[in-house]
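Work through the exercises below with the sequence and the model side by side, and try each task before you read its solution.

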Amino acid sequence: MNYCPNCGNKIETNQHYCPSCGQTLIQAVNQEREQNNEIKRIKAKMKEARINEITLALFGGLLIGGGIIFILQRIFTVDIFDVKVVFIDNAAIGGVVAIILGIVCCAGASDYGNKYNELERKL
Ligand SMILES: [Zn+2]
């Protein structure tokens, strides 16, 4: 439902003049249409931002979790003169790389989260 910008009278969308005060209404109808389109655009961008945020957060979480498990599996102990010495296999660097990539993904997810909030404020 539209309202006359001049007197606030309820008007049908196909009316060109307000039946109450005679105000020209085409401009008001176009303005509302533009506003609605802008809201649709913002909502589409918000949806995209949220999908990217969730995808990156899931991916980042998997990389960090996987990296930690990978490193833990590369830890081994060797007895040297009755002393247990802990070693980490060189391959554990793969786990470190996975964790770093995971952190980058989480940072990206956070950026998309901020973008979502920014767009929401425009509504
Ligand atoms: Zn009016």
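Residues are numbered from 1 along each chain as its sequence is written. The model is predicted, so local features need pLDDT of at least 70 and side-chain atom pairs count only at pLDDT 80 or more, while totals for chains, interfaces and linings use all residues.

**Exercise 1. Confidence**

Find where in the chain the confidence is lowest and where it is highest.

Solution. Begin with pLDDT, which is the predictor's confidence in each residue, from 0 to 100. The chain averages 92, and 100% of the residues score at least 70. Going through the elements, you find the lowest confidence in strand β1 (residues 2-3), with a mean of 80, and the highest in α2, with a mean of 97.

**Exercise 2. Overall shape**

List the elements of the chain in order, and decide whether the chain is a compact globule or more spread out.

Solution. First, count the elements, taking helices (H or I, at least four residues) and strands (E, at least two) as DSSP runs numbered from the N terminus. There are 2 helices and 4 strands, and from the N terminus on they run β-β-α-β-β-α. The chain has a radius of gyration of 29 Å, well over the 14 Å that the rule gives for 123 residues, so the chain is more spread out than a compact globule. Finally, look at the principal axes, along which the C-alpha trace spans about 100 × 15 × 15 Å.

**Exercise 3. Two helices**

Compare the span of each helix with the expected one, and find out what the buried residues of each helix pack against.

Solution. The expected span is 1.5 Å times one less than the number of residues in the helix. Helix α2 (residues 93-122) has 30 residues and reaches 44 Å from its first C-alpha to its last, close to the expected 44 Å.

Now turn to burial: a residue is buried if 20 or more other C-beta atoms lie within 10 Å of its own, exposed if 12 or fewer, and partly exposed in between, with C-beta atoms placed from the backbone. In α1 the buried residues are A49, L56, G60, L63 and G67, and they pack against α2. In α2 they are G95, A98, G102, C105 and A109, and these pack against α1 (26-73). In the chain as a whole, buried residues make up 11% of the 123 residues.

**Exercise 4. The hairpin**

Describe how β3 and β4 pair, and examine the residues between them.

Solution. Two strands pair if DSSP finds at least two bridges between them. Strand β3 (residues 75-80) and β4 pair in the antiparallel sense over 6 bridges, with V78 standing opposite V85 in β4. Strand β4 (residues 83-88) is hardly covered, as the count of buried residues among its 6 residues is 0.

The two strands form a hairpin with 2 residues between them. F81, in the loop between β3 and β4, has a positive phi near 50°, although F81 is a residue other than glycine. D82, found in that loop too, has a positive phi near 65°. F81 is exposed, because 5 other C-beta atoms lie within 10 Å, and D82 counts as exposed with 5 C-beta neighbours inside 10 Å.

**Exercise 5. E118**

Is E118 buried or exposed?

Solution. E118 lies in helix α2. Its 12 C-beta neighbours inside 10 Å make E118 count as exposed. The C-alpha atoms of E118 and M46, 72 residues apart along the chain, are separated by 9.1 Å.

Technical notes:
Contact = placed C-beta atoms within 7 Å. Rg over C-alpha atoms; globule rule 2.2 N^0.38 Å.
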